[in-house]
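I open this notebook to record what I looked up in the structure. The entries follow the order in which I consulted the model.

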Amino acid sequence: MSLVLTGLPGAGITTVGASLSAKVGLTFIDVGQNLAAAGGTDILLNEGEAAYRKLENKLADKALSEAWGIVGLPSGSVVHQQARIKSFRVVLLNAKTHALAVRNGLNAPRSIALGTPNATFGALKAAREGELRPLAEVEIDTTQTTPEQAADVIIRKLCL
């Protein structure tokens, strides 16, 4: 069985994926963590989004071609991998905008010169939901659930 977990940053791909993997005995490849380990943040800051997406897609291609188990895909890479994930069962992890903002540190006081990060993040969330929902077999709200609880819901809804 092959399963894709996706969602915005802070939705729980890494934590839910690890819990689900332990519960069902499938391997878990976390593209977001692999991207971070490969210097993704530095690439984004120093080389720009195009270079970042190129590396992200390379790592996603590798994970999807090797996977017999669970693949955690950042929401941006799912948009570029739609054709490849058709053979996977897709789970969208989601949460309320405020919860995602807090999990990503966007609730900290900051200079007005930075604009409104929460509004920007909210607009990204709305756009990505529109792209991801049609691809997902199941959507799980992780706002008030632990990773273990979310994994249990996935197991129940997908009859794993």
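I began with helix H4, residues 49-66, in what is a predicted model. At 1.5 Å a residue, its 18 residues should span 26 Å, and I found the end C-alpha atoms 25 Å apart, which agrees.

I then asked which residues of H4 are buried. The list holds Tyr-52, Leu-55, Leu-59, Ala-60, Ala-63 and Leu-64, together with Arg-53, Glu-56 and Asn-57.

Next I turned to the secondary structure of the protein chain, where I noted eight helices and five strands. Their order along the sequence reads β-α-β-α-α-α-β-α-β-α-α-β-α. I checked the radius of gyration of the protein chain: it is 15 Å, close to the 15 Å given by the globule rule for 160 residues, so the chain is as compact as a globular protein of that length.

For overall extent, I recorded that the C-alpha trace spans about 50 × 35 × 25 Å along its principal axes.

I looked up burial over the protein chain and noted that 42% of the 160 residues are buried. The accessible surface comes to about 8200 Å², and carbon and sulfur atoms account for 56% of that area.

On contacts, I considered pairs of residues at least 6 apart in sequence; of these contacts, 71% join residues at least 24 apart.

My last entry concerns charge. The protein chain carries 16 positive and 14 negative charges, and I noted that their mean positions are 3 Å apart.

Technical notes. Residues are numbered from 1 along each chain as its sequence is written. This is a predicted model: local features need pLDDT of at least 70, side-chain atom pairs count only at pLDDT 80 or more; totals for chains, interfaces and linings use all residues. Side-chain values use heavy atoms; hydrogens and water are left out. Helices (H or I, at least four residues) and strands (E, at least two) are DSSP runs, numbered from the N terminus. The radius of gyration is taken over C-alpha atoms; the globule rule is 2.2 Å times the number of residues to the power 0.38. Buried means under 20% relative accessible area, exposed over 50%, partly exposed in between (1.4 Å probe, protein chains only). Contact means heavy atoms within 4.5 Å. Accessible areas come from the Shrake-Rupley method with a 1.4 Å probe; for residues, only the protein chains shown count as cover. Lys and Arg count as positive and Asp and Glu as negative; His and the chain ends are not counted. The place of a charge is taken as NZ of Lys, CZ of Arg, CG of Asp or CD of Glu. The expected span of a helix is 1.5 Å times one less than its number of residues.
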